[in-house]
Amino acid sequence: MSRPLSIFVSSTREDLRDHRTAVRDTLRGLGQFPLMMEHFPAQDTAAVHACQRYVSEADLFIGIYAHRYGWVPTPTQGGSGDRSITALEFDWATARGIPRLCFIVGDDHAWPPESVEGEPGRSALARFKAQVKDTLIVRFFTTPDDLAGKVRHALFEHVRGLADQSAALDGWHTPAAPLPAHTFVGRTEDLQTIRDLLIDGSAPVVLSGVGGIGKTTLAHHLTRTLRDQFPGGVLWTSLGPEARRAPAVTPGILRAWAQAHPQGRALDPADLTPDTLRGLLSHAPGRLLAVLDDAWFPGPVRELLKALPDGTACLVTTRAAQVAALGRPYTLPPLNADDGAALLLDRLDAAGLAPVQDADPLRAIARQLGGHALALDLAARQIAAHGIAFAPRLVRRLHKYLDGATPFHALDLGQNAPRDDSLEATLYLSYAPLDPAAQAAFRALGALAPDTSFSERTAFALWGVEPDDDDAQENAEDTLATLVRAGLLAYEPDTGRFRQHLLLHAYARALALRASEHDPALGRYTWHVIRDIASQFDTLPMEQWDAVIGPDLPHVHHVGNALAGYLQAIVFGPVPLESLAQPDPPDDLLEIETGNRMAQALLERGEAFAEAVKTYIFRRRVGEEGLHWLHMGLASARLEEHRKIEGTLLSEVGIWHHQHGNPTVSLAYLNHSLSILQTIADRPGEGATLNRIARVYIRTGQQQAALDLYLQALEIRREEGDRAGEAQSLNNIAFAYDKLGQPQRALELYQQALAIRREVNDRFGEGVTLNNIAFMHDKLNQHAYALELFQQALAIHQEVGDRAGESRTLNNIARVYNHFGDYERALTFSEQAIAICREVSDKSVEASTLNNMGNSYRELGRHEQALDSYTRALCLAQQIHDRPKEATNCEHLALLLSALGRTADAVSHMERCVTIREEINHPDLEDACAFLEKLRRRLNDAPPSAPPAR
């Protein structure tokens, strides 16, 4: 098994702490990735949804059960009110169909009385254990060591049992469509026609129709009914009105689709083109079906179609004529009267109404509403609320408001949105009876990002509900329930979140604008995203970002981009944002008027947003979009004359350019940041920026200059009493001494840094320094001890969610196995490192890892693969302007090419190596010069090549 498994470990926490630790260490020792919630909040809504998300991402489930049933989340918290979180985790794993390995403590094993739960938990636990025993073959455990051994044995048995299914573990991940929001009803002829067109597959099928007619629901139904026809799976993406330009939209979709193929999961996103993906997807175990749902603009559709291999069936849903021209068009007609009545009956049955004997009023409603599916859904909600006897009255009311007679007809929906009298009438009849508070809540929803799910917490913030006002919270919960019952909002039970149909969102926004409520709601929403969502990037460990913040990331991106747009339009005017964010403040800055209230509010938000997301941009290496946000914050801080924030964001822009291989630009920003921070006497900020400038110097080969700056930073941190910062500086100084060829001095300083990091309980830093100490012992040929330290560092990186540190350490473990001569094992660790490097876009470590892979391939005699790895490593080193790495890669290429008899090519690379090492005064310069001379003599002594045959 070359790909590690993601394994969710489920149990109560406090009573099984030692057992959980033993299982975690066992799984890590086997090279697997345990998903555990050790640092997660114990009892809130976020915890429930995060647990469910982790289970949804796991390959395998391990359940450990002793004598506690545990916390029972309420329905408001995302639970059922009677199942504990541990039981819910088992239910979710069962529903997903992933393998489950479950362990129950032996009845005769002594257990601390304080860890035995009383009633009613004891009885609930007994029922749950009985369920587990009835469902699975369970194993019984006693001590932590006993459990660890049984987990190890069970995992080996599980993997052996999957030996014939290695493709499922290490190969193709069959993609699937999301769960549908509604039951599909009727449309027998439409289904058959579209099914035939898809199976034929000679051209994309473009399903067009007005908004709300039922295109997405039909697409969901087809993906389920045609499952056997497309064993490769379903590539589903929802585009929406914000997906305008292909360059901004398609990279993320290509990355998502690439996850189906093992090479795609490890591929550098920068190398992922439609042609590349097309080649990967061609290896699917059967035909693929691609669904491009809700396409508004043709550009992204054209680009995504290029990524689909021959034979792929494609269904595009759209309301835009320009998209309909991209394939074989099929206009989805309204539902006929019988199908419309059937839809109403289905929704009424789902609402718990008794079977309807007389369907004539329902057919009348279906005819009145022209078979518009969304309008019929809303009508069904009204009948469900008032009873079946309301249906004839609804017929009369609809007659009054059809033909554009509703007050909604005068609303400006924007984007030239088509109007539908049927929808407008039912929407008005759903909205008008609401009490004023519910109406205002519906209008406020128009300020949210369109077509994006949102949490209860986001709704409450949008409505101005104070977190500590219990009465207001209860009222807001009732309002959410009211909007769901009215059909104006959809609840997603699998995520515990809410979603609003795009058409309903457009009406909500238009109503809010007419009532002058949109801007206040948008302000509350923006501050919520900044303070309650984006702020978590600084407070949560990285390993929790995806589970906790991940569902809300669309809101973060929407708010950041919207703020930048508003600032440009309202405050910056004709002066481009990029001009305002140059290293030197531009003259244009003085011409911008910032005295009005709107400008002040926008500048404050732009500055705060950039501050909140800077860690996310740095750690996740967010691309041009992240740079745009930093520019927005920098320009805002300058106009606000907030010098400290200006200095901080200059430094962030500088490190962004450093990460993206622009050292000259990076230094320009960092030096301006340093100047400001020194001027305002911000000593901690000065120390941090000195460190960053030194990092650029290290990469460009200016080791002594870097050392001088690191020493200055150390002085500041000691002066400030910053022990954690002191440890970081000592670690960096040691790194510089290593680069200057003084390994013993480096090792001594690393040990000092490690002692301080343990003193201040800096686990993240401890992992970094342990890795560096291990690296020094490896260089000193103490390989076995180095491997032991690397494994300790790896465990810490995984514990704190430091993916970049994890990739560095995996790469270093591969180096050790190269030294041991175990080249195949080295390659296994290198492949794990490469996958993470590409996940976090760390090109520096990726270059080092590719270089190590080249060494492994060279020793195995696989010269073509070695040459490819070295060449790719060299390209990356040149991209990021890492001069020492570039020289090393040139040297290794020269060694390989020399062994292959390509002496002239070897000389060329070695000349480049020597030139670089002369420029940066590298300690290995003398050895490089000697090897170059040896190659030159060999080239001069070589016999002349034979003349070409005539």
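Does F537 count as buried or exposed, and at what relative accessibility? At 3% relative accessibility, F537 counts as buried, where buried means under 20% relative accessible area, exposed over 50% and partly exposed in between, for a 1.4 Å probe and protein chains only. This is a predicted model, in which local features need pLDDT of at least 70 and side-chain atom pairs count only at pLDDT 80 or more, while totals for chains, interfaces and linings use all residues. Residues are numbered from 1 along each chain as its sequence is written, and side-chain values use heavy atoms, with hydrogens and water left out.

**Aromatic pairs**

- A search of the whole structure finds 17 aromatic pairs, a pair being rings of Phe, Tyr or Trp (its six-membered ring) with centres within 6.5 Å, counted as stacked when the planes are under 30 degrees apart, edge-to-face when over 60 and tilted for the rest.
- The rings of Y431 and F442 have centres 5.7 Å apart and planes at 55°, so this pair is tilted; Y431 lies in helix α18 and F442 in helix α19 (residues 436-444), 11 residues apart, and both residues are buried.
- F537 and Y616 form a stacked pair, with 4.5 Å from centre to centre and 10° between the planes; the pair links helix α24 (residues 536-539) with helix α28 (residues 597-619) across 79 residues, and Y616 is buried, with a relative accessible area of 6%.
- Ring pairs link Y401, F408, Y428, Y431, F442 and Y507 into a cluster.

**Charges over rings**

- The charged end of R531 sits over the ring of W527, 3.9 Å from its centre, the criterion being NZ of Lys or CZ of Arg within 6 Å of the ring centre and within 35 degrees of the ring normal.
- Likewise, the charged end of R692 sits over the ring of F618, 5.6 Å from its centre.

**Packing of α18 and α22**

- The axes (lines fitted to C-alpha atoms over the stretch in contact, with angles from 0 to 180 degrees between N-to-C directions) of helix α18 (residues 421-431) and helix α22 (residues 502-514) come within 12 Å and cross at roughly 65°, helices being DSSP runs of H or I with at least four residues, numbered from the N terminus.
- The contact, meaning heavy atoms within 4.5 Å, is made by L423, E424, L427 and Y431 of α18 and by L503, L504, Y507 and L511 of α22.

**Surroundings of T86**

- T86 is found in helix α3 (residues 85-96) and, at 4% relative accessibility, counts as buried.
- Leaving aside neighbours within four places in sequence, T86 is in contact with S10, S11, T12, Y65, Y69 and F128.

Definitions and conventions:
Helix = DSSP H or I, 4+ residues; strand = E, 2+ residues; numbered from the N terminus.
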